[in-house]
Amino acid sequence: MTKLVDGRANPHRLDYPAALANFTNGQTGMILSGEWELGTFRAADPKLGAASFPTVFGTPAVYADTHSFVLPRRPDPDEAHRRRTHQAVTAILKAGQTWAKAGHIPAYQPVTRTREYARLEPQARYVTAAHHVVLDPPVWFAGAGSDFQNAMSQVLQQALLDGLAPDRAARAMVDRVNTALSQPSPA
C-alpha cells in the first residue's frame with residue numbers, strides 16, 4: 001500500500017480535495033475513492049474505468065456505508081398512511097437505476113440484474129463489490145464521517161505516509177477501539 005503513495009506511483013501527501021484535483025486534472029492516473037465521486041471523475045474523463053478495491057490479505061472486502069430509511073413508530077398508526085409510506089419507500093428502492101447512474105450500487109438487487117444496469121459503464125464493472133461489503137460494527141461511535149473513522153484514518157495515514165510500523169499501527173488502532181468502547185453511549 002505504501003508504494004501507491006510513495007511519490008512515484010502517485011503524488012505523496014495529498015489530502016482528499018487535492019487527490020481529487022490531481023486525478024481530475026490528469027496529474028495522476030489512479031485514485032482510490034468512493035463511487036459517489038463518479039460524476040466528478042466522469043466530467044474529467046468520460047472514458048473512465050473503475051473496479052472494486054483489490055483483495056488484500058486473501059479475503060475480498062469492500063468498506064461500505066449505506067443510506068437508510070427511518071420510519072416513525074406510532075402507537076396508533078393509520079394503516080392507509082402506513083401503506084402509502086411503504087409504497088413510497090418501495091418506489092424509491094425500485095428506482096435504483098437513478099442511484100446507479102450517480103455511481104452507487106443499488107440496494108434493491110433486481111435493478112443490478114437489468115440490461116439497463118449492465119449497460120452502465122463503469123458501474124457494471126464494480127457491481128460485485130456488493131457481495132463483499134464490510135459495514136462498521138453496530139456501535140454508537142462508528143460510521144462514515146464519524147470521529148472514530150477519522151481516528152482510524154489518522155493511524156492509517158501515519159502507517160502509509162509517515163513510516164509508522166504496521167505492528168505499532170495495529171496497536172494504536174486497537175487502543176483507539178478500546179478507548180471508544182470504554183465511553184458510554186450518549187443515547
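This is a predicted model: local features need pLDDT of at least 70, side-chain atom pairs count only at pLDDT 80 or more; totals for chains, interfaces and linings use all residues.
Trainee: What share of the 187 residues counts as buried?
Mentor: Buried means under 20% relative accessible area, exposed over 50%, and partly exposed in between (1.4 Å probe, protein chains only). The C-alpha trace of the chain spans about 60 × 50 × 30 Å along its principal axes. Of the 187 residues, the buried share is 22%.

Trainee: What share of the accessible surface belongs to carbon and sulfur atoms?
Mentor: Accessible areas come from the Shrake-Rupley method with a 1.4 Å probe; for residues, only the protein chains shown count as cover. The accessible surface of the protein chain comes to about 13,300 Å². The part belonging to carbon and sulfur atoms is 57%.

Trainee: Why does the distance between the end C-alpha atoms of helix 6 agree with its number of residues?
Mentor: The expected span of a helix is 1.5 Å times one less than its number of residues. Helix 6 covers residues 147-161, which is 15 residues, so it should span 21 Å. Its end C-alpha atoms agree with that, being apart by 21 Å.

Trainee: Which helix is included in what covers the buried residues of helix 6?
Mentor: In helix 6, the residues Phe148, Ala151, Met152, Val155 and Leu161 are buried. After helix 6 comes Gly163, with a positive phi near 80 degrees. The cover over the buried residues includes residues 166-182, that is, helix 7.

Trainee: Which residues form one aromatic cluster?
Mentor: Rings of Phe, Tyr and Trp (its six-membered ring) pair if their centres lie within 6.5 Å; planes under 30 degrees apart count as stacked, over 60 as edge-to-face and the rest as tilted. The whole structure has three aromatic pairs; one of them is Trp140 with Phe141, edge-to-face at 5.6 Å centre to centre and 90 degrees between the planes. Phe141 and Phe148 also pair edge-to-face, at 5.0 Å and 65 degrees. The cluster is therefore made of Trp140, Phe141 and Phe148.

Trainee: Is Trp140 buried or partly exposed?
Mentor: Phe141 and Phe148 are both buried, Phe141 having a relative accessibility of 11%. For Trp140 the relative accessibility is 43%, so this residue counts as partly exposed.

Trainee: Which residues is Gln97 in contact with, leaving aside its neighbours within four places in sequence?
Mentor: Gln97 lies in helix 4, residues 96-101, and counts as buried because its relative accessibility is 10%. Contact means heavy atoms within 4.5 Å. With those neighbours set aside, the contacts of Gln97 are Val111, Thr114, Glu116, Tyr117 and Leu120.

Trainee: How far apart are the closest N and O atoms of Arg8 and Asp6?
Mentor: A salt bridge is a side-chain nitrogen of Lys or Arg within 4 Å of a carboxyl oxygen of Asp or Glu. The structure holds four of them, including the one between Arg8 and Asp6. Arg8 is exposed, at 73%, while Asp6 is partly exposed, at 27%. The closest N and O atoms of the two lie apart by 3.2 Å.

Trainee: Which helix holds both Arg171 and Asp167?
Mentor: The side chains of Arg171 and Asp167 meet in a salt bridge at 3.6 Å, N to O. An α-helix has 3.6 residues a turn, so residues three or four places apart point the same way. Arg171 and Asp167 are four residues apart, about one turn, and both lie in helix 7.

Note on methods
Residues are numbered from 1 along each chain as its sequence is written. Side-chain values use heavy atoms; hydrogens and water are left out. Helices (H or I, at least four residues) and strands (E, at least two) are DSSP runs, numbered from the N terminus.
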